[in-house]
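Please examine the sequence and the structure shown here.

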2 protein chains.
Amino acid sequence: MDVMALLAVARGDQPADLVLRNARLVNVFSSAIEETDIAIAGDRIAGIGAGYQAAQEIDLRRAYVTPGLIDAHVHIESSLCTPPQFAAAVLPHGVTTAVTDPHEIANVAGVSGIRYMAAAGAGLPLSIITMAPSCVPATSMEHTGARLDAHDLAPLLAEGIVHGLAEVMNYPGVTYGDPAVLAKLAAFEGRPLDGHAPAWTGPALNAYVAAGISSEHECTTPAEAAEKLARGLYILIRQATNAQNLHALLPLITPANSRRICLCTDDRVPADLLDAGSIDWMVRQAIAGGIDPIVALQMATLNPSERFGLHDRGAIAPGRRADLLVCDDLHAFSPHLVFAGGQLVAEAGRLLPAGRQDAPPLPPELAGSVHVDWSRVNLSIPARSSQVRVIGHLPDQLVTEERILPATIVDGLAVADPSRDLLKMAVIERHHASGSLGLGFIQGIGLRAGALAGTVAHDHHNLVVIGADDESMLLAAHTVADLGGGLAVVAGGQVLASLPLPVGGLMSDRPIAEVRTAYDRLTAAAASLGSPLHDPFMAMSFMALEVIPALKLTDIGLVDVVQFAPVPLFV
Amino acid sequence: MDVMALLAVARGDQPADLVLRNARLVNVFSSAIEETDIAIAGDRIAGIGAGYQAAQEIDLRRAYVTPGLIDAHVHIESSLCTPPQFAAAVLPHGVTTAVTDPHEIANVAGVSGIRYMAAAGAGLPLSIITMAPSCVPATSMEHTGARLDAHDLAPLLAEGIVHGLAEVMNYPGVTYGDPAVLAKLAAFEGRPLDGHAPAWTGPALNAYVAAGISSEHECTTPAEAAEKLARGLYILIRQATNAQNLHALLPLITPANSRRICLCTDDRVPADLLDAGSIDWMVRQAIAGGIDPIVALQMATLNPSERFGLHDRGAIAPGRRADLLVCDDLHAFSPHLVFAGGQLVAEAGRLLPAGRQDAPPLPPELAGSVHVDWSRVNLSIPARSSQVRVIGHLPDQLVTEERILPATIVDGLAVADPSRDLLKMAVIERHHASGSLGLGFIQGIGLRAGALAGTVAHDHHNLVVIGADDESMLLAAHTVADLGGGLAVVAGGQVLASLPLPVGGLMSDRPIAEVRTAYDRLTAAAASLGSPLHDPFMAMSFMALEVIPALKLTDIGLVDVVQFAPVPLFV
């Protein structure tokens, strides 16, 4: 928007493009409701007040107008869709800005992956703010498709592709001064540095903050969040598909500290985005939980705009982006109209043509990302003792238990034993065909037969398989590899359901509604094999993440996350 | 402070340099008081909590510890002292950061003046954040020593000498899109852009904000401030020597909007700084006026740190600067100990040796800044009609009245007439000896005889003289010129009092206590001549400022500030 033209409209010397008349403007600066008109020129708010003329006028009849919502931290890849399809899902819910961390694709394809996500997000009505993935790989106890050091990330900042540094999950590395980690912090000095330090407290937390980290989204209790907020971290309250902290943290929020609190979704699957919503759902839940509606909205608008220095949005004021939501009831908060950059992009929960955009063509390195040397994949586990360490999966949690259990041994091999809910798990390095392979056992997934496989396995995204027998596991693994990445459920030598994820093995190139349907078929197939979990694929994908306690499996084998060290399978 | 060393102290693995034990920490994030210890390493806060060891420990016996205060907008030159002497005055009052606008010296000496102020402020225990003067000159209706365009200012930003753009006083230029003004805004895009738009409202204000201006310190009424806050401007409440807005604006402040409010002093003379104080005085007055002490402190700490993106200060948290105040009573708020960058710089209101620093040597262009061609200075005013426009000075206000009055005519000349409190005023261009000279009349200064002269005349800082007869005016003018710049009171052919201001004609090179004594003698001398004003020199200095209504005099003559145009003296 040309500034001279914007000023002319603001002054009233030229007509606006659009005037919203008779609005109840929710002013997040003053915490007041103003009955007024809002004039829009191009993608900007030009003026507030009576007397503006425009080519197009909409009489809002005293409906509320709020700023568009900001998701303070989200991995778009977890929607299993490309940025345009993620946008198609969240825009009708009123999310107009997403602060994203493309660390899933970065672990597969490095800088190429980050550039692809930025390109696929450019020009969307959803503003995508890209943070630089800080932990590729997360630790040295996994093999990823790429490694990103400070000197890889700094050029992205210089080019303006990234805005800050995304969640620094290697919190021991920060606190204990790992030079490679500190080099990344130094490269982003003065920019927002997002944190990830579950349960970090006391002097260790002081050091984490002293290093320059300025936010945290892993809090699970009010006491943990209160300490982190008091030390200066912005608290990003998270409501992910598999990590839901909002209700637990509502007691944290007071009018005297809420300015330092934002909302984020982190990881949400298509069904959650399409059915429950995104940040809008969190705002509704916060209000239902007793938070003042304006405070709840500030956590989703002004607060993240301040936290990330995004001063061109987050409020309804002259010169800011015309990202605006219209709703009839502030408590119910169901946006009826969604404007992004001055364009009406959604109405009554449906995306309008102005909100649609295709993804750019895939670079070759993202299209063919699965590389496995099958001659080196042998899932059999020679028994070395009678006892094994077993990952104990807990429903709806990312943390696991370490269980020491007797192995079921057949012909000298430790095998899966569905009768004890003891399934075999394999993590097959799939980026460089290195033959690296981790094997173990897991309880809590509940398959009585068959196997699940997927190329979504946080954060290294190797090929993860869980099954009741080796033949099913191999079929499932081959199936997703043959898809060029994806998810599959097999049993009895048949593929029961599958979802191709050709974009880096992480994302579909199809519309999100189709992805959701396919995903529903996958979970139904897993349920038909006995899994009681509402989302066994999301569960499986986090069983390979060695930065969340207690016992996880990567391609190098079992990892004791409390000790932050590999441990043997047999005890 | 080396980050590895800081982290080691934060973790508790190495002793701190200083631990403040048994503190009641005022936490501006949580708005709570924490009983705890504070560990300091070098110039930084390392950790908060029990168990830290240190070479030096101070038992605070439950005294309060607050962050150091931030003055959100101040012209150091108005203290008539150099930055080290200004620091000596405000540090004992707990001000540890000053966001400064060196636009007085910039109008005299351009970029050289800005560089001098930055150099004189570098390394002080008082952190000086320099904003780039945006209005040199303020308008085309004055002649200054220098002219600064966008291309002059941009290099200062690139070099890191300036942090943002200082008060953009040419508010019509912003609103109506003056290309030279917009070029300055564009050069500082993404940086803090301070405003100055007295009484600007409605669509004109919308345009001013749409251009990117993000603060305002000229509000005088709660209604004006409420509108500007609602449009997205941070409100910097000002308590200057000659413009005291705090009490009028207290009703603006609520817990729901206070995050967008800061405090500033703008222009304060030495006696005010030394006797009443600075931001500390404003905090006390706000608390006495009913503002919650933590809200009052946030306006002087966290809020300005957020407004200016100064995330390394403004709160007590790991990694932030150890700028800390200790006081026994939060309501009385009289800092007993002042730490700046971890050093104890003041105790019981007295500066300690660690707080002292000398000013750097003066560059030649600042040392000899008064250039007048006296052969072209003729103060007589041939009468062209019987009626003149007279500046009506109003006590303690910067705004004036335009009064149409009969001239007193003697021998065909319009002359001063003390019997009617009608004094003559002259503004003599003093930078380039151009001979430019503005003449007029003023009421409200109250001299019955003699004259006042000074080289402090906002913002062009030409030589301004007000007197009861031409001979006294010429003597006063020559006196300050012979001093190399300064202030003087004369009567009966004698110099009654004077103060040399050799640094650009604006600042003394002497300690601030000496400056204050000399200034007291000047005002006493003016009082002896009949002036009822408590500070006639400050009053005079603003009678030449053509960006504050209604009628002012510059070296080009009378300016109607409502019309923003020159007007003739005779009606």
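How many salt bridges does the rule find across the interface of chain A and chain B? The model is a predicted one, and across this interface the rule finds six salt bridges. One of the salt bridges in the model joins the side chains of A:Arg259 and B:Glu306, with a distance of 3.0 Å from N to O. Polar contacts can be counted as well: between chain A and chain B there are 18 residue pairs in polar contact, with both residues at pLDDT 80 or more.

Several elements of chain A build the side that touches chain B. At least two residues each are supplied by the helices α1 (3–11), α5 (171–175), α7 (202–210), α8 (222–230) and α13 (302–307), and also by the strand β3 (44–48). The largest share, six residues, is contributed by α1(A). By class, this side of chain A consists of 25 nonpolar, twelve polar and seven charged residues.

The extent of the interface may be described in two ways. In terms of residues, 44 of chain A are in contact with 44 of chain B. In terms of surface, the size of an interface is often expressed as the accessible area that is lost when the parts come together. Between chain A and chain B the buried area is about 3600 Å², and carbon and sulfur atoms give 55% of that area.

The largest cavity holds about 140 Å³ of space. Which residues lie nearest the centre of the largest cavity? They are B:Leu80, B:Val456, B:His458, B:Met538 and B:Ser541, which belong to a lining of 16 residues. Helix α17 of chain B (residues 536–542) provides the largest share of that lining, namely four residues. Sorted by class, the lining of the largest cavity comprises nine nonpolar, five polar and two charged residues.

An open space may be considered next. The second largest pocket contains about 590 Å³ of space. Its lining is made up of 30 residues, and those closest to its centre are A:Gln85, A:Ala88, A:Ala89, A:Leu351 and A:Ile512. Four elements of chain A give two or more residues to this lining: α2 (83–90), α11 (279–288), β17 (350–351) and α16 (512–528). The largest share comes from α2(A), with four residues. The lining of the second largest pocket divides by class into 16 nonpolar, seven polar and seven charged residues.

In chain A, the peptide bond that joins A:Pro549 and A:Ala550 is cis, with omega about 0°. A:Ala550 is placed in the loop between α17 (536–542) and β29 (551–554) of chain A. In chain B, the peptide bond from B:Pro549 to B:Ala550 is cis, with omega near 0°, and B:Ala550 is found in the loop between α17 and β29 (551–554) of chain B.

Is phi of A:Arg62 positive or negative? The value is positive, near 70°, in a residue other than glycine. A:Arg62 lies in the loop between β4 (54–59) and β5 (64–67) of chain A.

Notes: Residues numbered from 1 in each chain as written. Chains lettered and ligands numbered in written order. Heavy atoms only, no water. Contact = heavy atoms within 4.5 Å. Buried area = accessible area lost by both parts, 1.4 Å probe. Salt bridge = Lys/Arg side-chain N within 4 Å of Asp/Glu carboxyl O. Polar contact = N/O pair within 3.5 Å; in protein donor to acceptor, adjacent residues only side chain to side chain. Nonpolar A, V, L, I, M, F, W, Y, C, P; charged D, E, K, R; others polar. 1 Å grid on protein atoms, 1.4 Å probe; cavity = no way out; pocket = protein on both sides within 12 Å on 5 of 7 lines; lining within 4 Å. Points joined across faces, edges and corners; volume = space filled by probe spheres on them.
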